[in-house]
Amino acid sequence: MSGIHDLEQLIRVHPFSQGMSDEHINMLKGCAKNVCFRQGAFLFKEGEDAETFYWIRTGKVAMELHAPPKGTIQIDSRTAGDALGWSWIVEPYRWFCDARAVEEVRALTFNGVCLRGKFDQDPRLAHEMYRRFVPLIHRSLQATQLQLLDVYGAN
Amino acid sequence: MEQIEVVHVPKAEGMTGDPMVPRPVSIRELQHETHDTFTLTLEPPDRDQGLPFIPGQFTMLYLFGNGEVPISISGDPAAPMRLVHTIRAVGSVTRPLQDMQRGSMLGVRGPFGTGWPVEEARGKDIVIVAGGIGLAPLRPLIYHLLGQREDYGRVSILYGARSPADILYRRELESWGGRFDVDVSVIIDHAATDWYGDVGVVTALLGKVRCDAGNTIAMTCGPEIMMRFAARELNDLGVPDEQIYVSMERNMQCAVGMCGHCQYGPTFVCKDGPVFRLDRIKPFFSIREI
Ligand SMILES: Cc1cc2nc3c(=O)[nH]c(=O)nc-3n(C[C@H](O)[C@H](O)[C@H](O)COP(=O)(O)OP(=O)(O)OC[C@H]3O[C@@H](n4cnc5c(N)ncnc54)[C@H](O)[C@@H]3O)c2cc1C
């Protein structure tokens, strides 16, 4: 396969893989797929088994919670260059919210079960991935705490 | 106590007469922006010269019989005949202001305070981080940058609001975003499903901003906590405190550094600010007691 459509190349150009060794990129490739979601399609839904995660190449994903009687609320979003989903690392591996393509989304998807298996074979790969996911989780938690403060609300 | 050196931007020419005496102005136009925010266009007190000001400066608006409030000028500095203020109705003066009619009279003092460092920023990349009503004091700066676009490097405007309905100057943001020479990103805290933009906090946008950190001037206005986190994120990108400017909107009364109401560390927000270079006030930026 040629150029940008080569899976390995797509992994390499994504910001999330920066600094990863060839060996680990190769291991990731074995669990990866190149996918596309039409506008409005769901990447995953709350409560489902979290067996994947995504590296977004183009497009935008809204993370949503259905909260009657308020309706469905967007709580976060992800765009090109972002990684989406960490429930695949944390037991019981279940999605906390819905993820919906707000516009057409092209992404790499990784099979978490496959990758967790590789972590057991090569703990250095696990370390590489945690090193990338933990700051993401950290930032997301901080952002959530700021959102909770409702900083733009009237005093 | 450590000595704080304050950067003084020269005051606008427009201030004449006794700075303590309000001059009568009439309301030319009142436009509702969001459910709690409105824009007042006033006839300037001087019908010949208007009210010249530096982007970032404010006036004291006096609602007769009610009280006086500091409000930033949010109009175009190149059009001093239109004295524009965007105001959020929060309390005893700003709420009744919202119900004023065209032709009603107000008092105005000023302009007061320091402005955004438009001269120092020449030739540099510009990152503007605004939150909520904080876009209003930055709008004159944006007009200035767009009016003299070739004098500046990359211009990025990052704006955070509470919900899509709370977005200020929505049409203008859309039109600035439509230009090829300005990057505009809007992010909101939460939204219904009909919102197609970003969701999250404004600091999250900084990670994707395109600028040469060493040659960037960042200017931010919004809730203090937002500015604090924006400053940290800018530091992480490589923009030092000396290149970050914040607008501190502490409550004030006299506006000329006499009453001490707005004292902030060893400075007064009214005369030494409201725009401060971050390194000059950093020791006080996150002290709870101040
Ligand atoms: C330099 C400067 C520029 C400003 N520019 C603008 C502007 O462009 N547009 C705008 O809408 N507002 C601006 N403000 C804030 C504005 O002055 C206040 O919202 C206003 O004074 C409130 O007056 P009030 O009598 O209506 O409310 P009050 O009855 O006095 O108070 C109502 C509520 O607002 C809070 N409050 C009052 N003043 C402030 C303040 N300065 N900051 C945060 N909370 C406050 C009070 O604690 C209270 O909870 C600026 C303030 C400063 C110091």
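Analyst: A cavity is a set of points, on a 1 Å grid over the protein atoms alone, where a 1.4 Å probe fits but cannot get out. Its volume is the space filled by probe spheres set on the points, with points joined across faces, edges and corners. The model is predicted, so local features need pLDDT of at least 70 and side-chain atom pairs pLDDT 80 or more, while totals for chains, interfaces and linings use all residues. Residues are numbered from 1 along each chain as written, chains are lettered from A and ligands numbered from 1 in written order, and side-chain values use heavy atoms, without hydrogens and water.

There are 3 cavities of 30 Å³ or more. Chain A gives A:Y152 to its lining (an atom within 4 Å of a point). Chain B supplies B:T34, B:D36, B:T37, B:R88, B:G132, B:I133, B:Y159, B:A161, B:R162, B:D166 and B:L168. Domain 1 (23-112) and domain 2 (125-246) of chain B each give at least three of the lining residues; these bounds come from an automatic or database assignment.

The lining of the largest cavity splits into 5 nonpolar, 3 polar and 4 charged residues. Nonpolar covers Ala, Val, Leu, Ile, Met, Phe, Trp, Tyr, Cys and Pro; charged covers Asp, Glu, Lys and Arg; the others, Gly among them, are polar.

The second largest cavity holds about 70 Å³ of space. From chain A, its lining takes A:L146, A:V151 and A:Y152. From chain B come B:D189, B:V201, B:V202, B:T203, B:I225 and B:M226. This lining has 7 nonpolar residues, 1 polar and 1 charged. A:Y152 lines both of these cavities.

Technical notes: 1 Å grid on protein atoms, 1.4 Å probe; cavity = no way out; pocket = protein on both sides within 12 Å on 5 of 7 lines; lining within 4 Å.
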